[in-house]
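Have a look at the sequence and the fold, then read on.

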Amino acid sequence: MFARFIAGVGIGYALMIAPVYTTEVSPPSCRGFLTSFPEVFINGGILLGYISNYGFSKLPLHLGWRMMLGVGAVPSVILAVGVLAMPESPRWLVMRGRLTEAAEVLNKTSDSPEEAQLRLADIKAAAGIPESCNDDVVQVTKRNHGEGVWKEFFLYPTPAVRHILIAALGIHFFQQASGIDAVVLYSPEIFKKAGLESDGEQLLATVAVGFSKTVFILVATFLLDRVGRRPLLLTSVGGMVFSLLTLGVSLTIIDHSRALLKWAIGLSVATVLSYVATFSIGAGPIAWVYSSEIFPLRLRAQGAAMGVIVNRVTSGVISMTFLSLSNKITIGGAFFIFGGIAICGWIFFYTMLPETQGKTLEEMEGSFGKFAAWSNKRKDSGNGDIQLAN
């Protein structure tokens with residue numbers, strides 16, 4: 001139990017730090033592609049977990065479950081070693097007055113030296129450092145260690161900050177409230193209810209879920225910076241709604257039928273796969289990409305942390321209540337509820353989320369504050385200048 005607690009703490013840190021760090025070091029031209037990578041490797045890990053569990057299930061029980069748990073230490077060691085070679089975030093370096101180090105990182109992570117200079121100038125402006133200052137190390141008088149951040153979020157937020165907070169928390173809530181973790185965690189139970197009786201069939205179908213989720217999130221990484229966040233997200237959630245409602249119908253038909261309906265079993269399996277595919281092509285990666293890039297520099301750490309909290313709490317509630325809910329209102333009824341939540345999510349995303357594709361992090365605040373998210377026009381960043389909270 002203690003080991004699982006420690007692992008949970010590590011996962012919590014990783015879920016917050018990975019997308020924020022990737023966002024801060026990435027150039028605008030490929031920020032969506034790179035920031036979706038944590039989600040890619042999470043799903044790749046889930047797929048490997050499914051495959052290894054299927055393989056280890058053939059071992060004796062006393063050895064199989066130990067191997068299932070212990071093999072997870074291998075990627076953890078690789079990650080720990082890899083972190084040592086990672087550069088520090090240029091925005092964090094500027095906030096500490098270490099301009100030369102920040103410039104070196106930006107030169108390595110920008111498409112051109114000119115873009116690196118522009119990014120550095122924007123970050124310096126956000127940190128309250130004059131653009132003409134080019135010293136190696138400078139004293140930053142307006143350092144932000146969290147003072148006033150919570151007041152700015154909850155007591156006297158500007159319209160832009162309020163909009164950003166609602167958008168970030170909302171995208172995390174609807175990502176999980178639509179039932180993705182229930183499907184991932186309880187897919188063998190879902191397939192059993194659908195009519196797959198043997199353990200082997202259920203495990204193989206579960207491997208197919210992991211494979212579908214991983215393949216389509218790889219597709220999403222190449223579309224995020226080409227198509228944009230909004231079109232991909234709205235298409236994704238629309239597909240999720242269709243899949244969830246169809247799955248609810250097919251499972252309800254199976255539940256009320258005395259005969260074995262192979263078409264309904266096939267439809268149930270197909271809609272589970274289509275649900276995880278449409279989730280992975282948009283809602284899965286975009287929640288992390290979007291919420292990590294929209295907060296101003298002075299609010300980014302605390303804002304990203306709140307997004308992770310909402311995500312994990314919602315995930316926990318869904319995971320712990322799914323079996324009880326499906327027993328009370330049938331498993332088909334549970335998916336009708338998830339479908340209804342996904343419909344609400346689509347309306348929320350259409351109304352509240354402006355496009356962020358191609359904008360620098362320092363331009364983001366100017367895109368919020370007016371609830372006209374369907375306008376994809378690039379706003380004049382003059383009204384979005386970022387000043388540090390005192």
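Angles under 35 degrees count as roughly parallel, over 145 as roughly antiparallel, 65 to 115 as roughly perpendicular and the rest as oblique. This is a predicted model, where local features need pLDDT of at least 70, side-chain atom pairs count only at pLDDT 80 or more, and totals for chains, interfaces and linings use all residues. Residues are numbered from 1 along each chain as its sequence is written, and side-chain values use heavy atoms, with hydrogens and water left out.

**Ground rules for helices**
- Helices here are DSSP runs (H or I, at least four residues), numbered from the N terminus.
- Axes are lines fitted to C-alpha atoms over the stretch in contact, and angles run from 0 to 180 degrees between N-to-C directions.
- A crossing is left-handed if the near helix is turned anticlockwise from the far one by less than a right angle, and right-handed if clockwise.

**H15 and its partners**
- Helix H14 (residues 229-256) and helix H15 (residues 262-293) have axes that come within 8 Å and cross at roughly 150°, so the two are roughly antiparallel.
- Their contact has 21 nonpolar residues (Ala, Val, Leu, Ile, Met, Phe, Trp, Tyr, Cys and Pro), two charged ones (Asp, Glu, Lys and Arg) and ten polar ones (the others, Gly among them).
- The crossing of H14 and H15 is left-handed, whereas H12 passes H15 in a right-handed one.
- Helix H12 (residues 187-194) packs on H15 at about 155°, with the axes 9 Å apart, and this pair is therefore roughly antiparallel too.

**H15 itself**
- In H15, 24 of the 32 residues are buried (under 20% relative accessible area), so the rest of the structure largely encloses this helix.
- H15 bends by about 55° at Ser 280, taking the bend as the angle between axes fitted to the seven residues ending there and the seven starting there.

**H10 against H16**
- The axes of helix H10 (residues 159-177) and helix H16 (residues 300-352) come within 3 Å and cross at roughly 155°, which makes H10 roughly antiparallel to H16.
- Sorted by class, this contact of H10 with H16 holds 17 nonpolar, ten polar and one charged residue.
- H10 and H16 cross in a left-handed way.

- Most residues other than glycine have a negative phi.
- Thr 330, in helix H16, has a positive phi of about 75° although it is not a glycine.

Key
Buried means under 20% relative accessible area, exposed over 50%, partly exposed in between (1.4 Å probe, protein chains only).
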